[in-house]
Amino acid sequence: MKEATLQSKIAQVEEVAAKMQESQSSVIVDVIGLTVADTMALRKELYANGCELHVIKNNIIRRASEKCGYEGLDEALKGPSAVAFSKDATSASKVVYGYAKSNDKLKIKAGVIEGKVLPLEDLKRERLQDLTVGL
């Protein structure tokens, strides 16, 4: 591998690791099957709620998560991945779950909430608890 390519990948890992550490939550999704318009609508809704969505190579996500000390994401990092980052613990998951209800092509894989890696089942349970807190 050329030195410039290697340095570029190291910089990408550093950038994603920094984004993970400054975010209270990160939700990993599969956006394959979404149209460009669907993806743009999801990005717009995330942005309106103070979140961001980035399509990132799995190897970069894996290395960045290891750098942050997050273990247990390997199963989720199969196939195409995008990550929704949020500075608070609930916004990304609220928007992603809301969007997934109306568009079954968006697949939620896993997430990291306040430094804790949650597989899909635990993420759903955590999300349900968030929804019932206000009742």
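View 1. Helix H2, residues 36–48, has 13 residues and spans 18 Å from its first C-alpha to its last, close to the 18 Å expected at 1.5 Å a residue, where the expected span is 1.5 Å times one less than the number of residues. Helices (H or I, at least four residues) and strands (E, at least two) are DSSP runs, numbered from the N terminus. The model is predicted, so local features need pLDDT of at least 70 and side-chain atom pairs count only at pLDDT 80 or more, whereas totals for chains, interfaces and linings use all residues. Residues are numbered from 1 along each chain as its sequence is written, and side-chain values use heavy atoms, with hydrogens and water left out. Thr39, Leu42 and Leu46 are the buried residues of H2; buried means under 20% relative accessible area, exposed over 50%, and partly exposed in between (1.4 Å probe, protein chains only). Seen down the axis of H2, these buried residues fall within an arc of 60 degrees and so line one face of the helix, the arc being that of the directions from the helix axis to the C-beta atoms.

**View 2. Surroundings of helix H2.** The buried residues of H2 pack against strand E2 (51–55), strand E3 (82–86) and helix H4 (91–102), with contact meaning heavy atoms within 4.5 Å. On the face of H2 turned away from its buried side are the exposed residues Val36, Ala37, Lys44, Tyr47 and Ala48. Glycine 50, which follows H2, has a positive phi, near 80 degrees.

**View 3. The largest pocket.** The largest pocket has a volume of about 160 Å³, a volume being the space filled by probe spheres set on the grid points, which are joined across faces, edges and corners. On a 1 Å grid over the protein atoms alone, a pocket is an open set of points where a 1.4 Å probe fits, with protein on both sides within 12 Å along at least five of seven lines, and lining residues have an atom within 4 Å of a point. Of the 10 lining residues, Lys9, Ile10, Val13, Asn59 and Arg63 lie nearest the centre of the pocket. Helix H1 (3–22) and helix H3 (58–68) are the elements that give two or more residues to this lining, and H1 gives the most, with 5 residues. By class, the lining has 5 nonpolar, 1 polar and 4 charged residues, where Ala, Val, Leu, Ile, Met, Phe, Trp, Tyr, Cys and Pro count as nonpolar, Asp, Glu, Lys and Arg as charged, and the others, Gly among them, as polar.

**View 4. Arginine 62 in helix H3.** Arginine 62 belongs to helix H3 and is partly exposed, with a relative accessible area of 22%. Not counting residues up to four places away in sequence, arginine 62 touches Asp74 and Leu77. The C-alpha atoms of arginine 62 and glycine 72, 10 residues apart along the chain, are separated by 9.8 Å.

View 5. Asparagine 103, in the loop between H4 and strand E4 (107–113), is buried, with a relative accessible area of 11%. With residues up to four places away in sequence not counted, asparagine 103 touches Leu34 and Asp38. Glutamate 114, in the loop between E4 and strand E5 (116–119), is exposed, with a relative accessible area of 57%. Phi of glutamate 114 is near 50 degrees, a positive value in a residue other than glycine.
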